[in-house]
Amino acid sequence: MGAVRPLPDYLVRRYQGWKATTYADNRAWYRRLAEDGQHPRAMIISCCDSRVHVTSIFGADQGEFFIHRNIANLVPPYESGGGQHGTSAAIEYAVTSLKVAHVIVLGHSICGGVQGCYDMCEGRAPELEASTSFVGRWMDILRPGYQRLPAGDDAARVRALEKAAVLVSLENLQTFPFVETATAAGDLTLHGLWTDIAEGGLETWDPAAGDFVPVGRSSPP
Ligand SMILES: [Zn+2]
């Protein structure tokens, strides 16, 4: 534990600022959140990327979103048995215990994980193909998305793979028995989003159009 140290000063100061302002102004509400437990309406699965900020995009407060983040916002296929299935555990808890009404997969532009997967599948990233690479083996989840990419230049194909990461995750979500049960009962809906970090854009998967379309312009269900 020799590497563990007290919190850096800049974070201590930021915390103290929050405690004295946002928390102090809303103390009763925070206490009620603690007493009543959490009742989030939606689960969000997004990338670890520090530029993806789902609570900011939707102006969400504590208690609203049950958020799981991993590299490239991927959901692995359902798999029973041993292993340490962090993403699957989060989905199970959100759907079966919290009974969220929506699971939203949020992809994004210039995703390093997706770029790594693309390079690996193109044979340009041997380090990711090593059995010891956690990132490489995690990104194997997206290989089916790579197989379906249309022809084109690298930039267009990488962008298509970013969106494929959302679709592969939505497909894999539906392999979980408890997700299937909840969606069949009408208790749960699944959604795919992709955000353009530079432009602040947000697109949603429109099943009727068979494409991602800007949010607010999707076809009626
Ligand atoms: Zn990413």
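## Glu203, the zinc site and the cores

Glu203 counts as buried, because its relative accessibility is 18% and buried means under 20% relative accessible area, with exposed over 50% and partly exposed in between (1.4 Å probe, protein chains only). This is a predicted model, in which local features need pLDDT of at least 70, side-chain atom pairs count only at pLDDT 80 or more, and totals for chains, interfaces and linings use all residues. Residues are numbered from 1 along each chain as its sequence is written, and side-chain values use heavy atoms, with hydrogens and water left out.

Glu203 belongs to strand β5 (residues 201-206). Helices (H or I, at least four residues) and strands (E, at least two) are DSSP runs, numbered from the N terminus. The Glu203 side chain makes a polar contact with the Lys163 side chain at 2.8 Å. Such a contact is a pair of N or O atoms within 3.5 Å; within protein, one must be able to donate a hydrogen and the other to accept it, and residues adjacent in sequence count only if both atoms are side-chain atoms.

**Zinc site.** The zinc ion has Cys47 (SG), His108 (NE2) and Cys111 (SG) as protein donors, 2.0 to 2.3 Å away. Donors are N, O and S atoms within 2.8 Å of the metal (3.2 Å for Na, K and Ca); water is not among the atoms, so sites may look incomplete. The donor spacing in sequence is C-x60-H-x2-C. Cys47 sits in strand β1, while Cys111 is in the loop between β3 and α5 (112-121), 64 residues apart.

| Residue | Relative accessibility | State |
|---|---|---|
| Cys47 | 5% | buried |
| Cys111 | 2% | buried |
| Glu203 | 18% | buried |

**Helix α9.** Of its 20 residues, 14 are buried. At the start of α9, a side-chain oxygen of Asp153 comes within 3.3 Å of the backbone nitrogen of Ala155.

**Cores.** The largest nonpolar core has 23 residues, and Val179 is among those with the most contacts inside it. A nonpolar core is a set of buried Ala, Val, Leu, Ile, Met, Phe, Trp, Tyr and Cys residues joined through side-chain atoms within 4.5 Å. Elements supplying at least two residues each include β1 (42-47), α9 and α10 (177-184). A second, separate core of 21 residues includes Ala165 and Val168.
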